[in-house]
Amino acid sequence: MPLQAKSAIATADGKFIIDHITIAEPQADEIIVKIQAAGLCHTDHDSLNWGKPIILGHEGAGIVHQIGSGITDFKVGDKVILNWATPCMTCFQCQEGNQHICENNSPVTAGGNGYTPGHAHLEGSTWHNKPIERSFNIGTLAEYTLVKASACVKLNSDMPMPSASIISCGVMTGYGSVVNSAKLSAGSSAVVLGTGGVGLNVIQGAKVSGAAKIIAIDINQERLEMAKQFGATHTILADKADIGLQKAAQTVKSLTDGRGADYAFECTAVPALGAAPLAMIRNAGTAVQVSGIEEEITIDMNLFEWDKIYINPLYGKCRPDIDFPKLVSLYDKGDLLLDEMITRTYPLENLQRAFDDMLAGRNAKGVIVFE
C-alpha cells in the first residue's frame with residue numbers, strides 16, 4: 001500500500017512548505033527508511049533555489065521500514081545511516097577507490113544535483129500526483145524516504161539518532177578531508193579557518209590523526225571556545241576587515257616557527273577566503289578547500305611559492321561502508337564528539353526557525369527530529 005509521509009518540500013521559488021508525499025512500494029534494490037533524525041547544513045538552504053520541486057535533506061539516520069525483494073544485507077528494523085554518495089562500484093572512479101565521485105550515481109559529479117541511477121525510481125515518490133526528486137537522491141527531511149540500498153549503512157551502535165544523522169555529510173566531510181584527503185601526519189600543525197559544524201570535524205580529524213598543533217580561526221569568540229572543546233590547541237579571533245586573513249596568517253606563522261602550518265583547511269564557504277589557506281601554510285605545505293566554493297575567485301600565484309599543494313576534495317573522499325563504521329567506532333570509544341556538536345533539535349514544523357538559527361551562526365549543528 002502507498003505510504004504517506006510528511007515532508008519538507010522546496011517549491012522551486014526559494015521557499016518551502018511542509019506537505020505530504022506518497023511513497024510507493026520499493027523496487028527490488030530499494031529500501032523505505034523511517035527517518036528518526038536529519039541534520040541541517042547550508043546546502044539544504046541552498047537547495048531552495050535549485051529551481052525545481054524537491055524533497056529537502058541530505059543528512060539522516062533512521063530505521064528500515066520496508067525492503068525490496070532483492071535486498072539481503074538489510075532487514076526491517078535495522079538502524080541505518082543514510083549516505084548521499086551512493087557508489088555503483090563498477091565505474092572508473094569507483095574502481096579507483098573514489099566512491100565519492102562515482103561517475104554513474106553521484107548527484108554531484110554525475111547529475112549536477114539532479115536525478116541519477118543512484119536515486120530510487122522517480123515515480124516511487126510523488127507530490128500532487130507528480131514524481132518528485134529527493135535532494136541528493138535521499139531527501140531526509142521527511143518522515144519516510146525511499147532510497148537505493150546503496151544509500152544505507154548499517155548502524156551497529158546505541159548512539160543517539162541525532163548524532164548518527166550528522167555523520168552522513170558534515171562529520172564525514174570534515175573528518176575525511178583531514179584523514180582521507182590530506183592524510184595529515186602525526187606531529188604536524190594544522191590551521192582550521194571557520195569553526196562551524198564542518199570545521200569542528202576538521203579539528204577532530206586533526207586531533208585523531210595526532211596533530212601536535214591545531215590552530216582555529218573564526219570571527220566568533222563563542223565558536224572558538226567550542227573549538228577548544230573539540231581539540232584546538234590555539235585560537236585566533238579574526239577581524240572581518242582583515243582582507244584574505246593576511247594578518248591572521250602572520251599570527252599563524254608566529255605560532256609555527258615563522259614558516260606557516262603544515263596544513264590549512266578552509267571551512268568558511270566564503271569565496272573571498274578561497275585562497276586564504278595558501279597564506280597560512282609553509283613552503284611545501286598543503287591547503288585544503290573543504291567548504292565547496294563553486295565560484296570564480298582570483299588567486300595571487302605568489303601564494304603558491306614554493307611547492308605548496310592546494311586540493312579541493314569532495315565529501316572527504318567518503319567510502320561509506322568503510323568510513324561510517326570507523327566514525328561510529330571512534331564515537332563509541334569517546335574519541336569523536338558528536339552529541340556535544342548538536343546545539344539544538346527541532347520538529348519538522350520548526351524548519352524555518354532551524355534555517356534561521358543556522359544562517360545566523362547560532363548553531364554548531366541543528367538537527368530535525370521525528371517521533
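Helices (H or I, at least four residues) and strands (E, at least two) are DSSP runs, numbered from the N terminus. This is a predicted model, in which local features need pLDDT of at least 70 and side-chain atom pairs count only at pLDDT 80 or more, while totals for chains, interfaces and linings use all residues. Residues are numbered from 1 along each chain as its sequence is written, and side-chain values use heavy atoms, with hydrogens and water left out.

Which residues of H6 are buried? They are Arg223, Leu224, Ala227 and Phe230. Buried means under 20% relative accessible area, exposed means over 50%, and partly exposed lies in between (1.4 Å probe, protein chains only). Looking down the axis of H6, you find these buried residues within an arc of 110°, so they line one face of the helix. The arc is taken from the directions that run from the helix axis to the C-beta atoms.

Now let us turn to the charged pairs. The structure holds 13 salt bridges, each a side-chain nitrogen of Lys or Arg within 4 Å of a carboxyl oxygen of Asp or Glu. One of them joins the side chains of Asp257 and Arg259 at 3.7 Å, N to O, and both of these residues are exposed. Another links Asp323 with Arg319 at 3.4 Å, N to O. Here Asp323 is buried, with a relative accessible area of 2%, whereas Arg319 is partly exposed at 24%.

Arg362 and Asp357 also meet through their side chains, at 2.8 Å, N to O. Asp357 counts as buried at 6% relative accessibility, and Arg362 is partly exposed at 45%. Elsewhere, Lys75, Asp78 and Lys154 belong to one network, joined by salt bridges that share partners.

Finally, have a look at the second largest pocket, which has about 160 Å³ of space. On a 1 Å grid over the protein atoms alone, a pocket is an open set of points where a 1.4 Å probe fits, with protein on both sides within 12 Å along at least five of seven lines; lining residues have an atom within 4 Å of a point. Its lining includes Lys6, Lys34, Tyr144, Pro347 and Phe370. The lining residues divide into six nonpolar, no polar and five charged. Ala, Val, Leu, Ile, Met, Phe, Trp, Tyr, Cys and Pro count as nonpolar, Asp, Glu, Lys and Arg as charged, and the others, Gly among them, as polar.

Technical notes:
Grid points are joined across faces, edges and corners, and a volume is the space filled by probe spheres set on the points.
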